[in-house]
Number of protein chains: 2
Amino acid sequence: MVTAEAPVGIFDSGIGGLTVAHAVMQQLPRESVTYFGDTARVPYGPKSPETVRRYSLEIAAFLVEQQVKTLVVACNTATAHALPLLRERLTIPVIGVIEPGARAAVRATRNGHVGVIGTAGTIKSGAYERALRALEPSLRITARACPLFVPMVEEGWVDHEATRLIAREYLAPLQSEEVDTLVLGCTHYPLLKHVIADVLGPDVTLIDSAEETARETALVLRDQRLTAHNPAGPAHRFIASDDPLMFLQLGQRFLGDAIDGVEVKTLG
Amino acid sequence: MVTAEAPVGIFDSGIGGLTVAHAVMQQLPRESVTYFGDTARVPYGPKSPETVRRYSLEIAAFLVEQQVKTLVVACNTATAHALPLLRERLTIPVIGVIEPGARAAVRATRNGHVGVIGTAGTIKSGAYERALRALEPSLRITARACPLFVPMVEEGWVDHEATRLIAREYLAPLQSEEVDTLVLGCTHYPLLKHVIADVLGPDVTLIDSAEETARETALVLRDQRLTAHNPAGPAHRFIASDDPLMFLQLGQRFLGDAIDGVEVKTLG
């Protein structure tokens with residue numbers, strides 16, 4: 001039996017989804033979060049859709065066992081491949097990371113030209129383009145893979161001159177094509193928001209999928225009358241399928257002191 | 001029955017080992033190479049030693065079926081975890097990628113202070129330090145992980161200003177500690193040799209593990225009377241466990257036209 005005081009379940013192939021956890025904690029400070037990062041099997045991008053679906057079902061089953069009241073799929077690859085299946089199989093609400101950002105981009109654009117950046121896998125999958133076109137078929141979309149952004153974030157170089165040079169090179173085609181709205185289509189990218197904003201200037205609206213997904217989560221909880229009160233304050237849990245120390249060190253780049261311990265759970 | 005005209009088998013978790021294949025082709029132009037890249041299961045670094053041993057045995061069995069006359073383990077992680085087991089199980093000679101570089105470094109150093117750079121996994125494993133100390137216990141060793149070098153190479157930015165900035169930051173501690181010899185302890189790094197040499201200057205000797213491993217392979221083949229003549233010229237094969245097109249595109253950064261097709265073989 002799911003209660004309103006139960007935690008919000010969030011999962012990702014690794015640590016990137018912590019930006020979504022961070023946004024949920026900021027926007028919904030009374031909600032407890034139970035986060036699962038499948039660090040033993042990261043990255044999902046190069047894996048087949050069947051494999052990603054199997055992994056996603058395993059993680060969902062584990063989080064349901066942990067009594068989560070809703071499931072946030074904070075991984076672009078898992079959202080692209082497994083969202084319909086998870087919605088079919090689970091009785092709790094399931095929220096993906098692609099639709100909320102796509103909706104916000106369609107609302108934000110003035111010239112009808114939206115840019116999308118993400119990992120090579122996400123861009124190749126065309127998942128954002130499909131979501132955007134489903135909302136607004138006349139949209140012009142320019143998508144670009146930025147494979148070095150994730151390693152730069154994981155190295156902690158979010159404000160390094162090298163990161164700035166890389167961002168300038170990746171974003172130049174989006175600038176010259178005059179997109180006025182850019183979807184940060186990877187859960188790591190919110191950590192580079194300042195660098196990306198500096199490069200693109202104030203005329204380009206950045207859509208932070210993590211913020212939008214947290215907003216969507218708030219709406220879903222309200223609709224389902226599942227908003228927590230937790231008078232004692234929230235209790236967060238972080239679970240990784242591999243090396244908890246590495247998860248903790250990287251996790252603190254995303255969450256600061258909000259993460260002070262990591263449990264381990266092996267799946268598969 | 002192994003013949004001298006049989007191919008040299010080389011494997012890696014992905015494409016990095018192609019620098020070893022390249023060095024073998026350059027130094028031994030009559031030898032045929034059969035290369036296996038386990039791109040479906042890359043990277044090996046974060047995986048447990050048992051898993052890496054299991055994968056290495058699977059690949060070795062496959063290459064032995066392909067009639068290779070010797071096996072080059074062109075992967076630092078697989079060398080660190082699986083070399084003794086492979087030598088025990090196989091009847092053909094098995095060559096690792098760590099010892100040849102360590103030996104060359106011990107020969108090259110004048111001040112007895114050797115640097116090692118590699119992925120986080122390789123540096124954490126201490127495999128180069130053990131190999132170096134086994135050869136020369138009095139050596140001073142400074143090891144440093146350079147996690148961004150592999151993504152920079154895979155993005156093809158081997159001569160980009162961002163790469164130069166990253167190299168300067170990674171190599172600064174090695175410079176200030178005055179290492180006079182640096183082992184490039186990752187199969188991707190030979191592609192950054194020019195940038196690294198520019199940063200460190202002419203007083204630091206770079207040890208290219210790929211070149212040293214190819215040299216070792218030549219010696220082993222000569223010792224075992226297995227040197228090929230192949231009057232018709234060599235015939236190379238490249239086999240990946242995932243997406244042959246991506247392997248081909250990345251592979252051409254390492255090998256140019258020497259790679260013009262990729263077969264697929266799923267393992268495990």
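Predicted model: local features only at pLDDT ≥ 70, side-chain atom pairs only at ≥ 80, totals over all residues.
User: Which helix gives the most residues to the side of domain 1 of chain A that touches domain 2 of chain A?

Analyst: The elements that give two or more residues to that side are helices H1 (18-27), H3 (76-89), H10 and H11 (244-255) of chain A. With 5 residues, the helix that gives the most is H3(A).

User: Which residue forms a salt bridge with A:Glu212?

Analyst: A:Glu212 is one of the buried residues of H10(A), and together with A:Asn76 and A:Arg253 it accounts for 36% of the area that the domain 1 side buries against domain 2 of chain A. The rule finds 3 salt bridges across this interface. With the closest N and O atoms 4.0 Å apart, the partner of A:Glu212 in a salt bridge is A:Arg107.

User: At the start of H10(A), which residue has a side-chain oxygen that reaches the backbone nitrogen of A:Ala210?

Analyst: Helix H10 of chain A runs over residues 209-223 and reaches 21 Å from its first C-alpha to its last, close to the 21 Å expected. A:Ala210 is among its buried residues. The side-chain oxygen that comes to within 2.9 Å of the backbone nitrogen of A:Ala210 belongs to A:Asp208.

How values were computed:
Residues numbered from 1 in each chain as written. Chains lettered and ligands numbered in written order. Heavy atoms only, no water. Helix = DSSP H or I, 4+ residues; strand = E, 2+ residues; numbered from the N terminus. Expected span 1.5 Å × (residues − 1). Buried < 20%, exposed > 50% of the residue type's maximum accessible area, 1.4 Å probe, protein only. Polar contact = N/O pair within 3.5 Å; in protein donor to acceptor, adjacent residues only side chain to side chain. Buried area = accessible area lost by both parts, 1.4 Å probe. Salt bridge = Lys/Arg side-chain N within 4 Å of Asp/Glu carboxyl O.
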